[in-house]
Amino acid sequence: MSEKLTAMIAMRPDLVASVLPEPLMARLSATARVERVLAATDFAEPEVLHALAGTDVLITGWGCPVVEDWVLDAAPNLRAVVHAAGTVKELISPAVWDRGILVSSAAAVNALPVAQYTVSAVLLAGKRAFRLANEYTATGFRDYSVQPDTGNHGRTVGVVGASRTGRLVLSTLAGHGFRLLVSDPTITAAQADALVPGGRVELVELDDLLMRSDVVTVHAPLLPGTRGLLDARRLALLPDRAVLVNTARGALIDTGALVAECASGRIDAVLDVTDPEPLPHGHPLLTLPNVLVTPHVAGAMGSEVSRLGEFAVAEVERLAAGLPLLGPVAAEELATTA
């Protein structure tokens, strides 16, 4: 017999219907009495404080304020924070773990659309689709079948960071015949071999990966030691005509150095994240014909957002049934993960 819990939703009000559409809300209501407080983007609101006093589970999402000490003081029954999105770094204070409250994140669910975007970008980049589309617009159609340095056969893809998304990218690309390299100081060669069937992933140092890759895709966490990871020296290691894809964090790449490399025409870039974000109007990365910038859309959006809610509801159901959570986040993980 499952236990009945009281849940509060804390996210931007305009997101609730997308993250938790009616069928999911019905499932949640069957497990928990839902305090559907749409003002929960501000925990200090009187009605929110009142609801927190009886809350067992806090379902958070984009727009939720930081869950800090005073919020926990107002929620003495709180047993779990279930985040219907990715990282909890900016959301959860250490006090949550200190008080023994469980934390769960849908980061693994959100990794799938990011990986799908990345694989699509890698495949199109190999075709020079973005650069040639601009050339076609400017000069008209011609036969590109013998265009040099195009196509995906025999290419090498380097994945920077064996994160959730990085691993999904590797496993998906393995079926496309690429040579695969990965650079990540937290894994061993044996662990890299296990990332795809047949052990077709080579673990290498970052500089080596950059020198050997036709396409480099970035999936490292943004930490003090990784800010500006791809600086001018490292970007210069990329072969001529290489393509750099970034769906992780903009600050992992030195923006000025990237502008210089792309403006020279030596490399191309596909960027879903930038530093700063958004880029100011007229920024060179927005105008260069060999750079595609998308507005941080790789993660869950539109029809994909409800999968985050489905994960959150399932976690509440597991908590009510006394089962372990599927997306637990431990405090010590935050030092090495996104």
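Which residues of helix H12 (residues 255-263) are buried? Keep that in mind for the first view; as with every close-up here, the model shown is a predicted one.

**View 1. Helix H12, from its cap to the glycine that follows.** The buried residues of H12 are Thr255, Ala257, Leu258, Val259, Glu261 and Cys262. Look next at the N-terminal end of H12, which is capped by aspartate 254. There, a side-chain oxygen of aspartate 254 sits 3.0 Å from the backbone nitrogen of glycine 256. After H12 comes glycine 265, with a positive phi near 85 degrees.

**View 2. Helices H6 and H8 cross each other.** Two packed helices are described by the angle between their axes and the distance between the axes. For helix H6 (residues 107-126) and helix H8 (residues 164-173), the axes come within 8 Å and cross at roughly 45 degrees. That makes H6 oblique to H8, and the crossing is right-handed. On the H6 side you'll find Ala107, Ala108, Ala111, Leu112, Val114, Ala115, Thr118, Val119 and Val122, and they meet Arg164, Thr165, Leu168, Val169, Thr172 and Leu173 of H8. Sorted by class, this contact holds eleven nonpolar, three polar and one charged residues.

**View 3. Asparagine 110, another residue of H6.** Staying with helix H6, pick out asparagine 110. Is this residue buried or exposed? Asparagine 110 has a relative accessible area of 15%, and since buried means under 20%, asparagine 110 is buried. Its side chain reaches the backbone nitrogen of alanine 300 at 2.8 Å. Not counting residues up to four places away in sequence, asparagine 110 touches Gly299, Ala300 and Leu308.

**View 4. Helices H2 and H14 side by side.** Here helix H2 (residues 22-31) packs with helix H14 (residues 305-320), their axes 10 Å apart and at an angle of about 15 degrees. The two are therefore roughly parallel to each other, and H2 passes H14 in a left-handed crossing. From H2, the contact uses Leu24, Arg27, Leu28 and Thr31. H14 brings Ser306, Gly309, Glu310, Val313, Ala314, Val316, Glu317 and Ala320. Split by class, the residues where H2 meets H14 are six nonpolar, three polar and three charged.

**View 5. Valine 157 in strand E6.** Strand E6 covers residues 156-160, and valine 157 is part of it. With a relative accessibility of 0%, valine 157 counts as buried. What does valine 157 touch, leaving out residues up to four places away in sequence? The answer is Val122, Leu173, Phe178, Arg179, Leu180, Leu181, Ser213, Val215 and Thr217. Take leucine 180 from that list: it is 23 residues from valine 157 along the chain, yet their C-alpha atoms are separated by 5.2 Å.

**View 6. Serine 93 in a loop.** Last up is serine 93, found in the loop between strand E4 (80-83) and helix H5 (94-98). Serine 93 is buried, its relative accessible area being 12%. A polar atom of the serine 93 side chain lies 3.0 Å from the backbone oxygen of valine 67. Setting aside neighbours within four places in sequence, serine 93 is in contact with Val67, Glu68 and Asp69.

Definitions and conventions:
Residues numbered from 1 in each chain as written. Predicted model: local features only at pLDDT ≥ 70, side-chain atom pairs only at ≥ 80, totals over all residues. Heavy atoms only, no water. Helix = DSSP H or I, 4+ residues; strand = E, 2+ residues; numbered from the N terminus. Buried < 20%, exposed > 50% of the residue type's maximum accessible area, 1.4 Å probe, protein only. Polar contact = N/O pair within 3.5 Å; in protein donor to acceptor, adjacent residues only side chain to side chain. Contact = heavy atoms within 4.5 Å. Axes fitted to C-alpha atoms, helices over the stretch in contact; angles between N-to-C directions. Parallel < 35°, antiparallel > 145°, perpendicular 65-115°, else oblique. Left-handed = near helix turned anticlockwise from the far one by under 90°. Nonpolar A, V, L, I, M, F, W, Y, C, P; charged D, E, K, R; others polar.
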